[in-house]
Amino acid sequence: MKSLDPRVNRLPETPKDIVPKAPLDQFGTFEVFVQPKEGKPFQHEGIVHAPELEMAYVLAKEAFTRRFTCTSLYVVDTRSVFVSPLAEGTTNAYDLLEQKQEQHSISEDTFEIYHLLKRGKQHVHIGTVKASTPDAAMQQAKTMFNTSTPVMNIWAIRTKDIRFTEESEKDLWGTLPEKKFRDAASYKGGDKLKTFLERNSQAL
Amino acid sequence: MYGGGNTFEGIKTDSLAQEDPIKLAEFEARIARGEKIEPADWMPALYRKQLIRMIEQHAHSEIIGALPEGTWITRAPGFKRKLALMAKVQDEVGHAQLLYSAAETLGKTREEMIHDLITGKSKYSNIFNYPAFTWADACFISWLVDAGAIVNQLANAKGSYGPYCRALDRICAEESFHLKYGHHCVIFLATGTQKQRDMFQEAINRWWAPMMHFFGPADKISAHTQVLMNWKVKMATNDDTRNQFLDMYVPKIWELGFTIPDPALKKNTDTGRWDYTEPDWEEFKRVINGGGPCNEERLAVRRIAEERGKWVREALRSPKASYVMPLA
């Protein structure tokens, strides 16, 4: 193999036998939530594959916040997200929740609650509740956040499972405004093109 | 960026007969209402299969597409161009991550997708099997190959599968930088010295045929294609996207005083569509099936990257492991 790229020419022999990848070779998934603007609620943005929570946070920063469309983000293991049934049409997902036997427990956790208001859109953070189980948290959310607008789907996540951005980490995004080279608006060729076209038309 | 021209052959049309007619009717009604399909919804096996194939090919195209341009980072003219090209290549790889995630929601694991890429089972956009000889080639890719990709991606972003559409919305937003950057580079070459102009003209001459191939051969409008269009999997025919690209970019290329190596290329005033010499589809097939100038190199680079990354993945998997001094 002869490449135009000298680095490719220096590569070692290509491995001949390719064994299928073992399960989880690419790690498990973590859900990523970003805050588009200061004061706006966090919304679900996508996933990253990572070996653990802290690496997921680092990878999420690279994957989702390369441009100035984010002021903060957090990540959580996909397995820690509790999901309600998906509602149809004008049905409200809160009405689809099963009434579970109230479990009296001394220890209560806080849960973050997310609403999906329209199919095809993203889950958006709506508030925090205190409850002993995810089911109880959704019931609690029903009394607190259920309005006349039907909710398509509800997520509940234990606050303690989330890897938040700490205040001191916010300067991670501090240099974004300087990175103008990532921005379409900094590639203005119009004037150069105009002069060129004018000169050409005069030459004719 | 993304190679379009998905061909949907090789999957039996009659597989629909095995689907539950009531669920199928509900599914089709949902799409007809303009609602998105989400991963937890019921969907026909054919829909799932076609989407996996399409999104996966798109993801592979982003990863492989970063290679010909990546080669030019160290040789890009000046610090600003290096920064921009690095950012663009990083975006492309990022897009692949978003797309693999979308494909995963349909039930194919990331491990399987990567395996299928490096063993040559899955395809990617054919255009990346050609080499970028000069800086002008890199500029052609940044401007025109990305432009072609945007035509496809904007169409697909109106499709029916929620996770794919969301990924595409993010991707299209970033592609606008690629397009502006690419055009900027080309304007600089076009308004530069004669040598620079010649360099870009040669790039057009080299890349025009692969660019026409990019949108894929004319679709055989079969019942099968019609089903996929009704399901909003395929959003436009290959000829339509090719025509749209020509409409938008041929005038821009001509404006800069360059020529396009196809004497038959002109807009037909009667039909409102472009006439052109039929691309060589035998060449297209030959390259797709491994016969292109760079197929071997592109896959080799990915294989070695997987191989070399293995120890990193292993190390990350056991973060608590630490060095212990031997006992004796």
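Q: In what order do the elements of chain B run from the N terminus on?
A: This is a predicted model. From its N terminus, chain B runs α-α-α-α-α-α-α-α-α-β-β-α-α. That comes to 11 helices and 2 strands.

Q: What radius of gyration does chain B have, and what would a compact globule have?
A: Set the value against what a globule with that number of residues would give. For 328 residues, a compact globule would have a radius of gyration near 20 Å. Chain B has 21 Å, which agrees. Along its principal axes, the C-alpha trace of chain B spans about 75 × 60 × 35 Å.

Q: What share of chain B is buried?
A: Of its 328 residues, 43% count as buried. Take the contacts in chain B between residues at least 6 apart in sequence: 79% of them join residues at least 24 apart.

Q: How many helices and strands are there in chain A?
A: Chain A has 4 helices and 7 strands. Their order from the N terminus on is α-β-β-α-β-β-β-β-α-β-α. The radius of gyration of chain A is 25 Å, well over the 17 Å that the globule rule gives for 204 residues, so chain A is more spread out than a compact globule. Its C-alpha atoms fill a box of roughly 85 × 55 × 40 Å, taken along the principal axes.

Q: What share of the residues of chain A count as buried?
A: The share is 26% of 204 residues. As for contacts in chain A with a separation of 6 or more, residues 24 or more positions apart account for 61%.

Q: How many residues of chain B are in contact with chain A?
A: The general idea comes before the case. The size of an interface is often given as the accessible area lost when the parts come together. Here the description is by residue contacts: 45 residues of chain B are in contact with 36 residues of chain A. On the chain B side, the elements that give two or more residues are α3 (79-104), α4 (110-118), α6 (162-190) and α11 (295-317). By class, that side of chain B divides into 19 nonpolar, 12 polar and 14 charged residues.

Q: At what angle do α3(B) and α6(B) pack?
A: Two packed helices are described by the angle between their axes and the distance between the axes. For α3(B) and α6(B), the angle is about 170 degrees and the axes are 10 Å apart. An angle over 145 degrees counts as roughly antiparallel. The two helices, α3(B) and α6(B), are therefore roughly antiparallel to each other.

Q: Which residues of α3(B) and α6(B) meet?
A: From α3(B) come B:A84, B:K88, B:D91, B:H95, B:L98, B:L99 and B:A102. They meet B:P163, B:Y164, B:A167, B:R170, B:I171, B:E174, B:H178 and B:Y181 in α6(B). By class, this contact has 9 nonpolar, 2 polar and 4 charged residues.

Q: Which residues of α4(B) are buried?
A: They are B:R110, B:E112, B:M113, B:I114, B:L117 and B:I118. These buried residues pack against β2 of chain A, together with α2 (45-70), α3 and α11 of chain B. Just after α4(B), B:G120 takes a positive phi of about 85 degrees.

Q: Why is β2 of chain A described as largely enclosed?
A: Count the buried residues in the strand. In β2 (residues 43-50) of chain A, 6 of the 8 residues are buried, so the strand is largely enclosed by the rest of the structure. Strand β1 (residues 28-35) of chain A pairs with β2(A) in the antiparallel sense, over 7 bridges. A:V32 stands opposite A:G46 in β2(A).

Q: Is B:H183 buried or exposed?
A: Count its C-beta neighbours. A residue is buried at 20 or more within 10 Å. B:H183 has 23 inside 10 Å, so B:H183 counts as buried. B:H183 is found in helix α6 of chain B. Leaving out residues up to four places away in sequence, B:H183 touches A:G189 and B:W143.

Q: How does B:K252 read by its C-beta neighbours?
A: B:K252 has 15 C-beta neighbours inside 10 Å, so B:K252 counts as partly exposed. B:K252 lies in helix α9 (residues 238-255) of chain B.

Q: What separates the C-alpha atoms of B:K252 and B:H183?
A: The separation is 9.6 Å, with the two residues 69 residues apart along the chain. For B:H183 and B:K310, 127 residues apart along the chain, the C-alpha atoms are separated by 38 Å.

Conventions:
Residues numbered from 1 in each chain as written. Chains lettered and ligands numbered in written order. Predicted model: local features only at pLDDT ≥ 70, side-chain atom pairs only at ≥ 80, totals over all residues. Rg over C-alpha atoms; globule rule 2.2 N^0.38 Å. Buried ≥ 20, exposed ≤ 12 C-beta atoms within 10 Å, placed from the backbone. Contact = placed C-beta atoms within 7 Å. Nonpolar A, V, L, I, M, F, W, Y, C, P; charged D, E, K, R; others polar. Axes fitted to C-alpha atoms, helices over the stretch in contact; angles between N-to-C directions. Parallel < 35°, antiparallel > 145°, perpendicular 65-115°, else oblique. Pairing = 2+ DSSP bridges.
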